[in-house]
Amino acid sequence: MYFIYPRGYIVLNSNVLNIPKIIIALDFPNKKAAMKLVDLLNPSIFYLKIGKEMFTILGHQFVKELHQLGFNIFLDLKFHDIPNTVFNATKAAADLGIWMLSIHASGGKKMLMSAKKALQSFDKAPLLIAITALTSLKEIELKEIGVHISLTEYILTLSKLSNDCGLDGVVCPGKEAKKIKYLFGNKYKIITPGIRFSEDLSYDQNNVISPKEAKAYNIDYIVLGRSVTMSKNPIHKLNLIINSMKYT
Ligand code: C5P
């Protein structure tokens, strides 16, 4: 169903697939390594995530370059600061023409509302997505920071807060996705990192799910990082992931 175009693009034969959309986490140490993968991807199918690593190395110029290549960019800078700073940073991020932006829900109501307000003046504002709990977080670590509720309760509390503040969705571990959709509706977007086949290394991630589970949990977007970027053949791995979701 998938084949490599002369340019090296992966192309889907059928446009309408009822599977989660794919965001590739561009976590590379330099531009050359990132572009080696980007050059193989079709911008009408794959979304790109630029996080703290690449943004710190390459800055906004890299975001603009990828945008010019036709990619939708998820700028995953996970803002968490006082409301005024987040307001200004959100505006600056939206000016880059990005498609999605992340902020930490734990920054609180005023911070979330400020970020939302910052986007009001944009005709085509990016989706504003809240981080609930990092997929690397363990319940015991919540206690270490003084949070004495379960990880699931914590995620649902922050999802509700973000929904109340008018955000477009949340980043959350896959296992909570169904509940969030049930509570806040199908339009509330769910983005899930920590996607792994059973044979993949989980690295520092604690809450991992398979691509098949991501489809079953009705997740809107899966974030694929090291399972693809560290693979010897990322295109082959992407095809395996897509096919495993498609044929379920
Ligand atoms: O390599 P791996 O698949 O674990 O990559 C996950 C990506 O998703 C990383 O870029 C990480 O920063 C990001 N992320 C996450 N958990 C969140 C939000 C973002 O792992 N809650």
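**Figure 1. Composition of the shell around the ligand.** The structure shown is a predicted model. Among the 16 residues around the ligand, those that come nearest are Asp-27, Lys-49, Arg-196, Gln-205 and Arg-226.

Figure 2. The side chain of Lys-49 places an N or O atom 2.7 Å from an oxygen atom of the ligand. For the side chain of Arg-196, the corresponding distance from an N or O atom to a ligand oxygen atom is 2.9 Å. Gly-225 contributes through its backbone, with an N or O atom 3.2 Å from an oxygen atom of the ligand. The ligand taken alone exposes 470 Å², of which the protein buries 88%.

**Figure 3. The aromatic pair of Trp-99 and Tyr-221.** Four aromatic pairs are found in the whole structure. In the pair formed by Trp-99 and Tyr-221, the arrangement is edge-to-face, with 5.2 Å from centre to centre and 70° between the planes. Trp-99 belongs to the loop between helix 3 (83-94) and strand 6 (100-104), whereas Tyr-221 belongs to strand 10 (residues 221-224), so the pair ties together parts that lie 122 residues apart in sequence.

**Figure 4. Confidence of the prediction and residues 1-9.** The protein chain has an average pLDDT of 93, and 94% of the residues score at least 70. In residues 1-9 the pLDDT is below 50, and this stretch has 28 contacts in the model beyond near neighbours in sequence.

Conventions
Residues numbered from 1 in each chain as written. Predicted model: local features only at pLDDT ≥ 70, side-chain atom pairs only at ≥ 80, totals over all residues. Heavy atoms only, no water. pLDDT = per-residue confidence, 0-100. Contact = heavy atoms within 4.5 Å. Near = heavy atom within 4 Å. Polar contact = N/O pair within 3.5 Å; in protein donor to acceptor, adjacent residues only side chain to side chain. Areas by Shrake-Rupley, 256 points an atom, 1.4 Å probe, with all protein chains shown as cover. Phe/Tyr/Trp six-rings, centres within 6.5 Å; stacked < 30°, edge-to-face > 60°. Helix = DSSP H or I, 4+ residues; strand = E, 2+ residues; numbered from the N terminus.
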